[in-house]
Amino acid sequence: FLGKQVLSVLSLCFSLPLFVAMLCCLCLKTQLPVKLMACLVRLCIAYMLGFCLLILLAGSCHIEIPVGFLCFLVGLCGIASGVMQSMIASVTGLFSQFSLESGASASALKGTGGAILIPMAVQIGFLPAAMAGASTINQSLIVVFLLSAGVLLLSLLSLRTLSRTDTWEMASASPCAANACVVECRNPVENTLGQARDFSRQR
């Protein structure tokens with residue numbers, strides 16, 4: 001395969017496109033409409049689900065993927081991940097602005113941290129067997145990518161749930177309408193709501 005450089009090469013193929021895509025999206029001068037951001041997130045999730053299924057098929061059937069093609073797919077996965085993270089950051093900001101309860105940013109960070117932690121925990125769980133000399137590459141690969149596919153499906157479900165909330169509808173409206181709604185409701189800033197949770201629940 002790629003020998004001793006496998007982790008470094010694949011990490012570069014993933015990380016560099018991720019950061020470039022994220023920076024390009026975050027540097028946009030005008031914010032994209034919420035519905036367009038949701039469509040981009042769904043497209044990114046769909047691609048990464050397809051990538052997970054391909055890796056699962058290759059691992060379970062012992063199919064060898066050409067190195068160049070694999071690096072290309074990993075690079076596309078990095079772009080999809082960067083676009084999705086920047087879109088989620090923008091949606092999180094809108095929820096922080098228009099929601100009557102605080103915690104959108106903290107919830108997004110917890111979800112990201114959990115998605116990173118789960119595959120690492122699986123790899124650590126397979127370490128004893130690997131140290132004993134057993135070949136656990138295919139088994140750990142299948143478990144990790146099954147969990148990754150599960151996280152992506154949960155992400156789709158979460159996006160579907162969010163898109164049915166009043167906050168989503170408010171953020172999807174035109175900026176003038178959304179700002180007018182905020183003025184009409186006379187919502188305090190998020191810090192005040194975070195400090196006065198009883199008032200937030202009543203609202």
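Buried means under 20% relative accessible area, exposed over 50%, and partly exposed in between, computed with a 1.4 Å probe on protein chains only. The legends below describe a predicted model, in which local features need pLDDT of at least 70 and side-chain atom pairs count only at pLDDT 80 or more, while totals for chains, interfaces and linings use all residues. Residues are numbered from 1 along each chain as its sequence is written, and side-chain values use heavy atoms, with hydrogens and water left out.

**View 1. Ile-79 and the nonpolar patch.** Ile-79 lies in helix α3 and is partly exposed, because its relative accessible area is 37%. Together with Leu-54, Phe-69, Phe-72 and Leu-76, Ile-79 makes a nonpolar surface patch of about 410 Å². Helix α3 gives the largest share of the patch, 4 residues. Areas follow the Shrake-Rupley method with a 1.4 Å probe; for residues, only the protein chains shown count as cover.

**View 2. Ser-81 in helix α3.** Helix α3 spans residues 67-98 and contains Ser-81. Ser-81 counts as buried because its relative accessible area is 9%. Leaving aside residues up to four places away in sequence, Ser-81 touches Phe-14, Leu-18 and Met-48, where a contact means heavy atoms within 4.5 Å.

**View 3. Cysteines.** A disulfide is a pair of cysteine sulfur atoms within 2.5 Å, and the count by this rule is 0. The sulfur of Cys-24 has its closest cysteine sulfur in Cys-25, at 6.9 Å, so the two are too far apart for a bond. Cys-39 is partly exposed, because its relative accessibility is 40%.

View 4. The protein chain has 9 helices and 0 strands; helices (H or I, at least four residues) and strands (E, at least two) are DSSP runs, numbered from the N terminus. Mean pLDDT (the predictor's confidence in each residue, from 0 to 100) is highest among the elements in helix α2 (residues 34-61), at 88, and lowest in helix α7 (residues 175-185), at 46. Over residues 176-193 the pLDDT is below 50, and this stretch has 23 contacts in the model beyond near neighbours in sequence. The chain average is 75, and 73% of the residues score at least 70.

Methods
Patches are made of residues with over 30% relative accessible area and no salt bridge: like charges are joined within 9 Å, nonpolar side chains (Val, Leu, Ile, Met, Phe, Trp, Tyr) within 5 Å. A salt bridge is a side-chain nitrogen of Lys or Arg within 4 Å of a carboxyl oxygen of Asp or Glu.
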